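Me: Please go through this model with me, setting each term against its definition.

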Amino acid sequence: MAITTAPRYGEDDERRLEAFGLSTELIHNGLRRGAERAANRSSHALKTAGGTDIYQDGMEDFAQLLTADRWREVQVDGQPRLLHPAGALAFTISSGINVGSVDLHRGPRTRRKGKATRGSLAPRSPHPVLFGDEDGADSPELVAQAAAAPFYFLLCERAPWGGGVHIELARPARITEGGSVNEWGDRIRVGFLSLEGDLSVFDQPDDDGPDEFDVPVEPR
């Protein structure tokens, strides 16, 4: 697999997003509510609160924005993803370090990931598992389609000077033995999301939080 070590800043990133039915504006709209809530939490908030805001609000808002265009919400090995109507990709939100970096030696990396991410990096014949309630469980066919679609993270990282969030849409290519994704098959730049407030609530130790839902955005 060819591995891209830096975002393709020489290409038209917006055009590439639009090919997936996305845009910088849409991605900002999907992340803004949770990011602003996180940025304006007080110092008394739990350390995990900011990341929970980004993840929970972001996944909800993306679903509201995209389902009108026939995107589907689906869980693969317990990991919620949003699936493109033609199966062009599926994505979920994740924190990252060095997001947006053009330094060839400092590409993004994630915190520890689990079964769903590992499964997305290996050839597989999906064994679907049903999730949700009895009336709304994902069908085996939908789970299989989501598992087979190219899998991307919508990576987020607070700016070191505050005031906003760096964002990339990036496809994992390799995961370390410790569970961190640090090599990427594709990286697409998303415009910087400016915010008001104190983004220090995003800071998290590497070993906090569940494997797949490590959504708090980390410092550099």
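Reply: Six strands make up an open sheet of mixed pairing, in the order β1-β2-β3-β4-β5-β6. The model is predicted, so local features need pLDDT of at least 70 and side-chain atom pairs count only at pLDDT 80 or more, while totals for chains, interfaces and linings use all residues. Residues are numbered from 1 along each chain as its sequence is written, and side-chain values use heavy atoms, with hydrogens and water left out.

Me: What makes β1 and β6 the edge strands?

Reply: Strands are DSSP runs of E of at least two residues, helices runs of H or I of at least four, numbered from the N terminus; two strands pair if DSSP finds at least two bridges between them. β1 (72-76) and β6 each pair on one side only, and are therefore edge strands.

Me: Why do β5 and β6 count as paired?

Reply: The antiparallel strands β5 and β6 are joined by 10 bridges, whereas at least two are required, so they pair. Ala170 stands opposite Arg187 in β6.

Me: How do you know that α3 packs on the sheet?

Reply: Contact means heavy atoms within 4.5 Å, and α3 touches β1, β2 (79-83), β3 and β4. The direction of α3 makes about 155 degrees with that of β3, where axes are lines fitted to C-alpha atoms, for helices over the stretch in contact, and angles run from 0 to 180 degrees between N-to-C directions.

Me: Why is the largest set of 28 residues called a nonpolar core?

Reply: The term requires buried Ala, Val, Leu, Ile, Met, Phe, Trp, Tyr and Cys residues joined through side-chain atoms within 4.5 Å, buried being under 20% relative accessible area (1.4 Å probe, protein chains only). Leu31, Phe62, Phe91, Ile93, Leu154 and Leu169 have the most contacts inside this core, to which α3 gives the most, with six residues.

Technical notes:
Buried means under 20% relative accessible area, exposed over 50%, partly exposed in between (1.4 Å probe, protein chains only).
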